[in-house]
Amino acid sequence: ATLTFDVELLSWANVKDICKDGGIYKKILTKGDNWENPKDSDEVTVKYEARVEDGTVIAKSPDEGVEFYVKDGHLCPAIRKAVKTMKK
C-alpha cells in the first residue's frame with residue numbers, strides 16, 4: 001500500500017536558538033527592517049509568552065505589552081537577552 005500526502009505550507013515562523021544550547025528560543029513573528037538592535041540604555045515595549053517544553057504557558061505579558069529598560073530586564077534574564085537580538 002502507498003500512502004500519499006498533499007501538503008500546503010500556510011505559514012512559517014522562524015525560530016532561533018539564541019544561546020545555541022537549547023536554553024532560549026525566539027520566534028520571529030514580524031521581521032524587523034533595520035540593522036539596529038536595542039542597547040542596554042534603550043527603553044522597549046514587548047509582548048511575550050514563556051512556555052515549558054510541553055508547550056504549557058507559564059508566563060504571559062498583558063495584551064498592551066510591558067515597557068522596561070533593556071539593562072534592567074523584565075521577568076528573567078532570558079527576555080533581556082532575546083530583546084538584544086531583535087531588530088527595529
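The following questions and answers concern a predicted model of a single chain.

Q: In which strand is the confidence of the chain lowest, and in which is it highest?
A: The chain as a whole has a mean pLDDT of 86, and 99% of its residues reach 70 or more. Strand E2, residues 25–28, has the lowest confidence, with a mean of 84. The highest mean, 92, belongs to residues 43–46, which form strand E3.

Q: Which side chain of opposite charge is nearest to Lys26, and how far away is it?
A: Lys26 belongs to strand E2. This residue is buried and yet has no salt bridge. A salt bridge requires a separation within 4 Å. The nearest side chain of opposite charge is Asp17, at 11 Å.

Q: With which side chain does the side chain of Lys26 make a polar contact?
A: Although Lys26 lacks a salt bridge, its side chain does make a polar contact. The atoms are 2.8 Å apart, and the partner is the side chain of Thr85.

Q: Is Phe5 buried or exposed?
A: Phe5 lies in the segment that precedes strand E1 (14–17). Its relative accessible area is 63%. Because the cut-off for an exposed residue is over 50%, Phe5 is exposed.

Q: Which residues make the nonpolar surface patch of about 420 Å²?
A: Phe5 is exposed and takes part in this patch. The patch is made by Leu3, Phe5 and Val7.

Q: What distance separates the C-alpha atoms of Thr2 and Val83?
A: Thr2 is in the segment before E1 and counts as exposed, at 74% relative accessibility. Thr2 and Val83 are 81 residues apart along the chain. Their C-alpha atoms are separated by 47 Å.

Terms used: Residues are numbered from 1 along each chain as its sequence is written. This is a predicted model: local features need pLDDT of at least 70, side-chain atom pairs count only at pLDDT 80 or more; totals for chains, interfaces and linings use all residues. Side-chain values use heavy atoms; hydrogens and water are left out. Patches are made of residues with over 30% relative accessible area and no salt bridge: like charges are joined within 9 Å, nonpolar side chains (Val, Leu, Ile, Met, Phe, Trp, Tyr) within 5 Å. Accessible areas come from the Shrake-Rupley method with a 1.4 Å probe; for residues, only the protein chains shown count as cover. Helices (H or I, at least four residues) and strands (E, at least two) are DSSP runs, numbered from the N terminus. Buried means under 20% relative accessible area, exposed over 50%, partly exposed in between (1.4 Å probe, protein chains only). pLDDT is the predictor's confidence in each residue, from 0 to 100. Lys and Arg count as positive and Asp and Glu as negative; His and the chain ends are not counted. A polar contact is a pair of N or O atoms within 3.5 Å; within protein, one must be able to donate a hydrogen and the other to accept it, and residues adjacent in sequence count only if both atoms are side-chain atoms.
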